[in-house]
Amino acid sequence: MQYNFYGCENVNNIHALDDSFGVDTPLDLYDALKNIWCEYSCAPRMRQNWSEDNMTLGQCSITAFLAQDIFGGKVYGIVRPDGSIHCYNVVNDIAFDLTSEQFRGEALNYSHNPEQFREVHFAKDEKKERYEYLKSELNKKACLC
């Protein structure tokens, strides 16, 4: 399988903190999430543009915090021109962004960005619910294996 998300070539040495989610590396997580990301898990303001061809659209913060649960590390955010924040992960000094494909080749700056905190992002009930949905669906897949 060919991966195109930012940092994909550097994540082979990042491993899950435990096996409770049924994935070992960020590549495994990406493989699992591509069957879970959906219009419902997409940010409401972007749902009209979500499609299977752009499955990572509107999934960044919930995906990044789920990846943090699994691999540890920190979540950082790129401030976008519209003022929104695009989240990604850094684990063991390796940056990766499981949802970068939504930008269709746009070069994003993954250095010197502010750390993001789930307490701030999940202050929005809809975002916490979407995160819980991803987590629940991933757990269901882990139980089936």
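In what order do the 3 strands of the open sheet stand? The order is β1-β2-β3, and the pairing is antiparallel. Please keep in mind as you read that this is a predicted model.

- From one strand to the next, the twist averages 35 degrees.
- Strand β2 (residues 85-91) pairs with β1 in the antiparallel sense, over 6 bridges.
- To find your way along this pairing, look for Val75, which stands opposite Asn89 in β2.
- Helix α2 (residues 60-71) packs on the sheet and touches β1, β2 and β3. The direction of α2 makes about 15 degrees with that of β2.

- A disulfide is a covalent bond between the sulfur atoms of two cysteines.
- This structure holds 0 disulfides.
- Cys60 is in no disulfide, and the nearest cysteine sulfur, that of Cys87, is 4.7 Å away.
- Cys60 counts as buried because its relative accessibility is 12%, and buried means under 20%.
- Cys87 is likewise in no disulfide, and it is buried, with a relative accessible area of 1%.

**Aromatic rings**

- A pair of aromatic rings is described by the distance of the centres and the angle of the planes.
- The count comes to 11 aromatic pairs in this model.
- Because Phe71 lies in helix α2 and Phe96 in strand β3, their pair ties together parts that are 25 residues apart in sequence.
- Phe71 is buried, with a relative accessible area of 3%, and Phe96 is buried too, at 0% relative accessibility.
- Tyr88 and Tyr110 also form an edge-to-face pair, at 4.8 Å centre to centre and with 85 degrees between the planes.
- Tyr88 lies in strand β2 and Tyr110 in the loop between β3 and α3 (118-121), so this pair ties together parts that are 22 residues apart in sequence.
- Are Tyr88 and Tyr110 buried or exposed? Both of these tyrosines, Tyr88 and Tyr110, are buried.
- Elsewhere on the aromatic list, Tyr3, Phe5, Tyr30 and Trp37 form one cluster.

Methods: Residues are numbered from 1 along each chain as its sequence is written. This is a predicted model: local features need pLDDT of at least 70, side-chain atom pairs count only at pLDDT 80 or more; totals for chains, interfaces and linings use all residues. Side-chain values use heavy atoms; hydrogens and water are left out. Two strands pair if DSSP finds at least two bridges between them. Helices (H or I, at least four residues) and strands (E, at least two) are DSSP runs, numbered from the N terminus. Axes are lines fitted to C-alpha atoms, for helices over the stretch in contact, and angles run from 0 to 180 degrees between N-to-C directions. Contact means heavy atoms within 4.5 Å. A disulfide is a pair of cysteine sulfur atoms within 2.5 Å. Buried means under 20% relative accessible area, exposed over 50%, partly exposed in between (1.4 Å probe, protein chains only). Rings of Phe, Tyr and Trp (its six-membered ring) pair if their centres lie within 6.5 Å; planes under 30 degrees apart count as stacked, over 60 as edge-to-face and the rest as tilted.
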